[in-house]
Amino acid sequence: MATKVLYFAWLRERIGLAEETVDLPETVTDVTTLLGWLAGRGDGYAYALENPDIVRVALDQQLVHQSTPIGEPREIALFPPMTGG
Amino acid sequence: MTPVVRVQAEDFDPAAEQNALTAGRTDVGAVATFTGLCRSEGESLSALELEHYPGMAESQIEAAANRAAERFTVDALLVIHRYGKIAPGERIVFVCATSRHRDAAFDACRYVMDYLKTDAPFWKKEHRVDGGEGEWVDAKDADNSAKARWES
(Lines give C-alpha, C1' and ligand atoms only; values in the text may rest on other atoms or scores of the structure.)
Protein backbone atom coordinates (compact mmCIF):
# COMPACT_ATOMS: atom_id res chain seq x y z
CA MET A 1 0.00 0.00 0.00
CA ALA A 2 1.32 3.45 -0.89
CA THR A 3 2.09 5.48 2.23
CA LYS A 4 3.06 9.12 2.41
CA VAL A 5 6.16 9.81 4.52
CA LEU A 6 6.98 13.33 5.71
CA TYR A 7 10.34 14.55 7.01
CA PHE A 8 10.88 17.68 9.09
CA ALA A 9 13.77 19.91 10.21
CA TRP A 10 17.21 18.27 10.02
CA LEU A 11 15.74 14.95 8.95
CA ARG A 12 14.33 16.73 5.90
CA GLU A 13 17.67 18.40 5.20
CA ARG A 14 19.74 15.24 5.56
CA ILE A 15 17.36 13.08 3.51
CA GLY A 16 16.90 15.85 0.96
CA LEU A 17 13.13 15.41 0.75
CA ALA A 18 10.16 16.98 2.54
CA GLU A 19 7.92 14.07 1.58
CA GLU A 20 7.69 11.00 -0.56
CA THR A 21 5.37 8.08 -1.17
CA VAL A 22 6.68 4.60 -0.41
CA ASP A 23 5.45 1.03 -0.54
CA LEU A 24 6.24 -0.45 2.86
CA PRO A 25 7.59 -4.00 2.65
CA GLU A 26 6.08 -6.69 4.87
CA THR A 27 9.25 -6.70 6.97
CA VAL A 28 8.21 -3.31 8.34
CA THR A 29 6.02 -4.27 11.29
CA ASP A 30 6.66 -1.54 13.83
CA VAL A 31 8.37 1.84 14.13
CA THR A 32 11.80 0.32 14.81
CA THR A 33 11.74 -1.80 11.66
CA LEU A 34 10.39 1.19 9.71
CA LEU A 35 13.37 3.32 10.72
CA GLY A 36 15.76 0.49 9.92
CA TRP A 37 14.25 0.02 6.47
CA LEU A 38 14.31 3.74 5.70
CA ALA A 39 17.96 3.98 6.84
CA GLY A 40 18.84 1.47 4.10
CA ARG A 41 17.41 3.63 1.32
CA GLY A 42 20.53 5.75 0.81
CA ASP A 43 23.34 7.73 2.40
CA GLY A 44 21.14 10.69 3.34
CA TYR A 45 18.66 8.38 5.05
CA ALA A 46 21.45 6.55 6.89
CA TYR A 47 22.86 9.90 8.10
CA ALA A 48 19.44 11.20 9.16
CA LEU A 49 18.63 7.98 11.01
CA GLU A 50 22.09 7.21 12.45
CA ASN A 51 20.68 7.70 15.95
CA PRO A 52 17.14 6.30 15.60
CA ASP A 53 16.38 6.59 19.33
CA ILE A 54 16.10 10.38 19.12
CA VAL A 55 13.83 10.37 16.06
CA ARG A 56 10.17 11.07 16.83
CA VAL A 57 7.53 9.34 14.74
CA ALA A 58 3.86 10.16 14.14
CA LEU A 59 1.41 7.80 12.45
CA ASP A 60 -1.52 9.76 11.02
CA GLN A 61 -0.42 12.71 13.17
CA GLN A 62 -0.40 10.70 16.42
CA LEU A 63 2.93 10.41 18.27
CA VAL A 64 3.94 6.79 18.72
CA HIS A 65 6.66 4.77 20.45
CA GLN A 66 9.37 2.81 18.66
CA SER A 67 7.62 -0.46 19.53
CA THR A 68 4.24 0.64 18.16
CA PRO A 69 2.93 -1.67 15.40
CA ILE A 70 2.97 0.16 12.10
CA GLY A 71 -0.61 -0.72 11.08
CA GLU A 72 -1.83 0.90 7.87
CA PRO A 73 -1.31 4.64 8.27
CA ARG A 74 -2.03 7.02 5.41
CA GLU A 75 0.70 9.33 6.60
CA ILE A 76 3.91 8.78 8.53
CA ALA A 77 6.02 11.68 9.80
CA LEU A 78 9.60 11.60 11.09
CA PHE A 79 11.06 14.53 13.00
CA PRO A 80 13.54 15.57 15.70
CA PRO A 81 12.49 16.32 19.29
CA MET A 82 10.18 19.31 19.16
CA THR A 83 11.32 22.81 20.06
CA GLY A 84 8.20 24.97 19.95
CA GLY A 85 7.26 27.93 22.06
CA MET B 1 -15.49 26.06 27.09
CA THR B 2 -13.56 25.33 23.92
CA PRO B 3 -10.03 26.75 23.73
CA VAL B 4 -9.08 28.66 20.58
CA VAL B 5 -5.82 27.71 18.86
CA ARG B 6 -4.31 29.58 15.93
CA VAL B 7 -1.14 28.60 14.08
CA GLN B 8 -0.20 31.39 11.72
CA ALA B 9 2.68 33.17 9.98
CA GLU B 10 1.35 36.65 10.78
CA ASP B 11 2.15 38.62 13.90
CA PHE B 12 -0.62 39.30 16.44
CA ASP B 13 -1.53 42.04 18.90
CA PRO B 14 -1.47 40.66 22.48
CA ALA B 15 -3.46 43.58 23.88
CA ALA B 16 -6.18 43.26 21.26
CA GLU B 17 -6.37 39.49 21.77
CA GLN B 18 -6.66 39.91 25.53
CA ASN B 19 -9.27 42.66 25.25
CA ALA B 20 -11.36 40.48 22.93
CA LEU B 21 -11.51 37.77 25.60
CA THR B 22 -12.73 40.11 28.33
CA ALA B 23 -14.88 42.60 26.38
CA GLY B 24 -18.37 42.79 27.84
CA ARG B 25 -17.56 40.26 30.59
CA THR B 26 -18.27 41.15 34.19
CA ASP B 27 -17.66 37.67 35.60
CA VAL B 28 -13.95 37.44 34.76
CA GLY B 29 -11.65 38.34 37.66
CA ALA B 30 -8.27 37.30 36.28
CA VAL B 31 -6.37 37.39 33.01
CA ALA B 32 -2.96 35.75 32.67
CA THR B 33 -0.92 35.94 29.50
CA PHE B 34 2.39 34.56 28.34
CA THR B 35 4.21 35.96 25.32
CA GLY B 36 7.30 34.22 23.96
CA LEU B 37 9.75 36.33 21.94
CA CYS B 38 12.64 35.52 19.64
CA ARG B 39 16.08 36.17 21.23
CA SER B 40 19.21 37.27 19.37
CA GLU B 41 21.44 35.10 21.63
CA GLY B 42 23.95 37.88 22.21
CA GLU B 43 23.43 39.54 18.81
CA SER B 44 24.56 36.36 17.01
CA LEU B 45 21.21 35.52 15.40
CA SER B 46 19.44 37.49 12.69
CA ALA B 47 16.31 35.32 12.89
CA LEU B 48 14.80 32.02 13.88
CA GLU B 49 13.02 30.04 11.20
CA LEU B 50 10.15 28.05 12.67
CA GLU B 51 9.12 24.96 10.77
CA HIS B 52 5.93 23.16 11.74
CA TYR B 53 3.83 20.14 10.85
CA PRO B 54 0.53 21.62 9.64
CA GLY B 55 -2.46 19.86 11.13
CA MET B 56 -0.56 18.08 13.86
CA ALA B 57 0.77 21.39 15.25
CA GLU B 58 -2.80 22.57 15.76
CA SER B 59 -4.06 19.25 17.12
CA GLN B 60 -1.22 18.87 19.63
CA ILE B 61 -1.73 22.40 20.99
CA GLU B 62 -5.49 21.83 21.08
CA ALA B 63 -4.98 18.63 23.06
CA ALA B 64 -2.87 20.45 25.67
CA ALA B 65 -5.30 23.39 25.78
CA ASN B 66 -8.28 21.05 26.18
CA ARG B 67 -6.60 19.27 29.07
CA ALA B 68 -5.78 22.63 30.68
CA ALA B 69 -9.39 23.78 30.29
CA GLU B 70 -10.59 20.59 31.94
CA ARG B 71 -8.09 20.73 34.77
CA PHE B 72 -8.35 24.42 35.67
CA THR B 73 -11.50 26.49 35.90
CA VAL B 74 -10.91 28.92 33.06
CA ASP B 75 -13.48 31.00 31.22
CA ALA B 76 -11.46 31.38 28.04
CA LEU B 77 -8.17 30.05 26.71
CA LEU B 78 -6.41 31.27 23.58
CA VAL B 79 -3.14 30.03 22.09
CA ILE B 80 -1.40 31.59 19.08
CA HIS B 81 1.81 30.11 17.67
CA ARG B 82 3.63 31.58 14.68
CA TYR B 83 5.77 29.85 12.08
CA GLY B 84 8.15 31.13 9.42
CA LYS B 85 11.06 33.54 9.81
CA ILE B 86 10.92 35.55 13.02
CA ALA B 87 13.44 38.28 13.92
CA PRO B 88 14.85 38.90 17.42
CA GLY B 89 12.38 40.87 19.51
CA GLU B 90 9.39 39.61 17.52
CA ARG B 91 6.64 37.50 19.05
CA ILE B 92 6.56 33.73 18.57
CA VAL B 93 3.86 32.45 20.89
CA PHE B 94 1.01 33.81 22.99
CA VAL B 95 -1.20 32.18 25.60
CA CYS B 96 -4.06 34.00 27.30
CA ALA B 97 -6.32 32.51 29.97
CA THR B 98 -9.19 34.19 31.77
CA SER B 99 -10.85 32.92 34.94
CA ARG B 100 -12.76 34.00 38.04
CA HIS B 101 -9.66 33.75 40.26
CA ARG B 102 -5.96 34.07 39.52
CA ASP B 103 -4.70 30.53 40.13
CA ALA B 104 -6.63 28.95 37.28
CA ALA B 105 -5.46 31.59 34.79
CA PHE B 106 -1.80 31.35 35.87
CA ASP B 107 -1.85 27.54 35.89
CA ALA B 108 -3.60 27.19 32.53
CA CYS B 109 -1.03 29.46 30.84
CA ARG B 110 1.88 27.61 32.34
CA TYR B 111 0.44 24.16 31.64
CA VAL B 112 -0.15 24.95 27.97
CA MET B 113 3.37 26.36 27.55
CA ASP B 114 5.01 23.44 29.35
CA TYR B 115 3.31 20.89 27.07
CA LEU B 116 3.57 22.95 23.92
CA LYS B 117 7.38 23.11 24.27
CA THR B 118 7.84 19.35 24.04
CA ASP B 119 4.67 18.07 22.36
CA ALA B 120 3.83 20.51 19.55
CA PRO B 121 5.64 19.77 16.27
CA PHE B 122 7.65 22.95 15.74
CA TRP B 123 11.39 23.17 15.12
CA LYS B 124 13.61 26.25 15.18
CA LYS B 125 16.53 26.84 12.86
CA GLU B 126 18.96 29.64 13.66
CA HIS B 127 19.89 32.23 11.03
CA ARG B 128 23.24 33.73 11.95
CA VAL B 129 24.15 37.41 11.69
CA ASP B 130 27.53 36.47 10.15
CA GLY B 131 25.80 34.51 7.38
CA GLY B 132 27.18 31.16 8.57
CA GLU B 133 25.09 27.99 8.53
CA GLY B 134 22.79 28.13 11.54
CA GLU B 135 22.05 25.17 13.76
CA TRP B 136 18.73 23.57 14.59
CA VAL B 137 17.86 24.42 18.18
CA ASP B 138 18.21 21.35 20.43
CA ALA B 139 15.42 20.20 22.69
CA LYS B 140 16.16 20.93 26.35
CA ASP B 141 15.96 18.48 29.25
CA ALA B 142 14.60 21.36 31.34
CA ASP B 143 11.54 21.44 29.10
CA ASN B 144 10.84 17.78 29.80
CA SER B 145 11.13 18.36 33.55
CA ALA B 146 8.81 21.37 33.31
CA LYS B 147 6.19 19.13 31.77
CA ALA B 148 6.80 16.28 34.22
CA ARG B 149 5.85 18.55 37.11
CA TRP B 150 2.20 18.45 35.99
CA GLU B 151 2.25 14.67 35.94
CA SER B 152 3.33 14.08 39.53
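Where is the place of Gln61(A)? Gln61(A) is in the loop between β3 and β4 of chain A; point 2 returns to this loop.

1. Basis of the note. This is a predicted model, in which local features need pLDDT of at least 70, side-chain atom pairs count only at pLDDT 80 or more, and totals for chains, interfaces and linings use all residues. Residues are numbered from 1 along each chain as its sequence is written, chains are lettered from A and ligands numbered from 1 in the order in which they are written, and side-chain values use heavy atoms, with hydrogens and water left out.

2. Helices (H or I, at least four residues) and strands (E, at least two) are DSSP runs, numbered from the N terminus. Most residues other than glycine have a negative phi, and most peptide bonds are trans. Asp60(A) is not a glycine, yet its phi is positive, about 45°. Gln61(A), also a residue other than glycine, has a positive phi near 70°. Buried means under 20% relative accessible area and exposed over 50%, with partly exposed in between (1.4 Å probe, protein chains only). Asp60(A) counts as partly exposed because its relative accessibility is 29%. Gln61(A) is partly exposed too, with a relative accessible area of 21%.

3. Strand pairing in chain A. Two strands pair if DSSP finds at least two bridges between them. β3(A) and β4(A) form a hairpin with two residues between the strands; their pairing is antiparallel, over three bridges, and Ala58(A) stands opposite Leu63(A) in β4(A). β3(A) also pairs with β5(A) in the antiparallel sense, over four bridges. There the bridge partner of Ala58(A) is Ala77(A). Strand β1 (residues 2-7) of chain A pairs with strand β2 (residues 19-23) of chain A in the antiparallel sense over five bridges, and Ala2(A) has Asp23(A) as its bridge partner in β2(A). By contrast, β1(A) and strand β5 (residues 75-79) of chain A run parallel, joined by four bridges. In β5(A), Leu78(A) is opposite Tyr7(A).

4. A pair of aromatic rings is described by the distance of the centres and the angle of the planes. Rings of Phe, Tyr and Trp (its six-membered ring) pair if their centres lie within 6.5 Å; planes under 30 degrees apart count as stacked, over 60 as edge-to-face and the rest as tilted. By this rule there are eleven aromatic pairs over all chains. One of them is edge-to-face because the planes of Phe72(B) and Tyr111(B) are at 70°, with the ring centres 5.9 Å apart. This pair links distant parts of the chain, 39 residues apart: Phe72(B) is in the loop between α2 (56-71) and β4 (74-82) of chain B, and Tyr111(B) is in helix α3 (residues 102-119) of chain B. Phe72(B) is buried at 11% relative accessible area, and Tyr111(B) is buried at 3%. Phe72(B) also pairs with Trp150(B): the centres are 5.7 Å apart and the planes at 70°, so this pair is edge-to-face. Trp150(B) lies in the segment after α4 (141-148) of chain B, 78 residues from Phe72(B). Trp150(B) is buried, with a relative accessible area of 12%.

5. Helix α3 of chain B. The expected span of a helix is 1.5 Å times one less than its number of residues. The 18 residues of α3(B) should therefore span 26 Å, and the end C-alpha atoms are 26 Å apart, which agrees. Its buried residues include Ala104(B), Cys109(B), Tyr111(B) and Leu116(B). Contact means heavy atoms within 4.5 Å. Among the elements that cover the buried residues of α3(B) are α2, β4 and α4 of chain B.

6. The interface. Buried area is the accessible area (1.4 Å probe) that two parts lose on being put together, summed over both. Between chain B and chain A this area is about 1,800 Å², and carbon and sulfur atoms give 56% of it. Tyr53(B), Trp123(B) and Trp136(B) supply 36% of the area that chain B buries against chain A, more than any other three residues. The contact takes 19 residues from chain A and 26 residues from chain B. Tyr53(B) and Trp123(B) also belong to one aromatic cluster with Phe8(A) and Phe79(A).
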